[in-house]
Amino acid sequence: PDAATITGLERVDLLGRAADAAVLAGEYAAAVELGREAVSAVDPAADPVRAAGLHDRLRWYLWESGDRAAAARAIDDAERLVPASPPSAARARILAHRAAARMDAGRYADSAADAEAAVEMARNVRSAADEALGLGILGWDLALLGRIDDGAARLRDATAIADSIAAASRPI
């Protein structure tokens with residue numbers, strides 16, 4: 001009840017960290033429960049971007065728990081909260097995650113469209129990590145649609161970006 005004083009974190013941030021730890025430990029039911037509690041702790045009208053981020057995290061917990069349908073609904077909830085304009089890294093990430101859900105459901109053309117939109121938005125806001133995510137999903141979509149060479153090229157692009165991010169974060 002006094003999370004801010006004890007941890008220096010707001011309760012919602014503590015719930016999020018606990019949910020992340022739970023999913024990484026394979027405690028998916030606990031992660032989902034904590035994630036839902038974090039979502040309910042934020043007023044989406046007052047802070048739509050933060051609420052969307054929490055829905056996006058909940059998507060991860062649900063996905064890992066095997067509840068792909070609920071994960072897709074969580075990303076749809078996140079998508080409704082973050083406006084398309086102005087472009088943002090949050091919106092690009094949500095589009096990429098929606099693309100992944102659609103790819104998992106076998107909707108490769110829809111997924112590719114979302115992934116392309118995610119890549120374009122990520123480039124516009126200079127979010128390399130989200131660009132790499134979108135390119136990786138797009139690569140798989142294109143390959144699954146029979147465009148193997150185009151898919152492989154997008155995967156190579158995604159890997160190059162990811163490698164540059166990793167190189168930039170290494171200590172000197």
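Is aspartate 114 buried or exposed?

1. Aspartate 114 is buried, with a relative accessible area of 6%; buried means under 20% relative accessible area, exposed over 50%, and partly exposed in between, with a 1.4 Å probe and protein chains only. Aspartate 114 belongs to helix H7, residues 108-124. Leaving aside residues up to four places away in sequence, aspartate 114 touches Leu95, Arg98, Ala99 and Arg102, where contact means heavy atoms within 4.5 Å.

2. The model is predicted: local features need pLDDT of at least 70 and side-chain atom pairs count only at pLDDT 80 or more, while totals for chains, interfaces and linings use all residues. Residues are numbered from 1 along each chain as its sequence is written, and side-chain values use heavy atoms, with hydrogens and water left out.

3. Helix H6 (residues 89-104) packs against helix H8 (residues 128-144) at an angle of about 25°, their axes being 9 Å apart. Helices are DSSP runs of H or I with at least four residues, numbered from the N terminus; axes are lines fitted to C-alpha atoms over the stretch in contact, and angles run from 0 to 180 degrees between N-to-C directions. H6 and H8 are therefore roughly parallel to each other (angles under 35 degrees count as roughly parallel, over 145 as roughly antiparallel, 65 to 115 as roughly perpendicular and the rest as oblique).

4. On the H6 side, the residues that meet H8 include Ala92, Arg93, Ala96 and Met103; on the H8 side they include Leu133, Ile137 and Trp140. By class, this contact of H6 with H8 has 10 nonpolar, 2 polar and 3 charged residues (Ala, Val, Leu, Ile, Met, Phe, Trp, Tyr, Cys and Pro count as nonpolar, Asp, Glu, Lys and Arg as charged, and the others, Gly among them, as polar).

5. H8 also packs with helix H9 (residues 148-169), at an angle of about 160° and with axes 7 Å apart. That makes H8 roughly antiparallel to H9. Among the residues in contact are Leu135, Leu138 and Trp140 of H8, and Leu155, Ile161 and Ile165 of H9. The contact of H8 with H9 has 14 nonpolar, 3 polar and 4 charged residues.

6. The count of aromatic pairs comes to 1. Tryptophan 60 and tyrosine 61 form this tilted pair, at 5.5 Å centre to centre with 40° between the planes. Rings of Phe, Tyr and Trp (its six-membered ring) pair if their centres lie within 6.5 Å; planes under 30 degrees apart count as stacked, over 60 as edge-to-face and the rest as tilted. Tyrosine 61 is buried, with a relative accessible area of 2%.

Terms used:
Helices (H or I, at least four residues) and strands (E, at least two) are DSSP runs, numbered from the N terminus.
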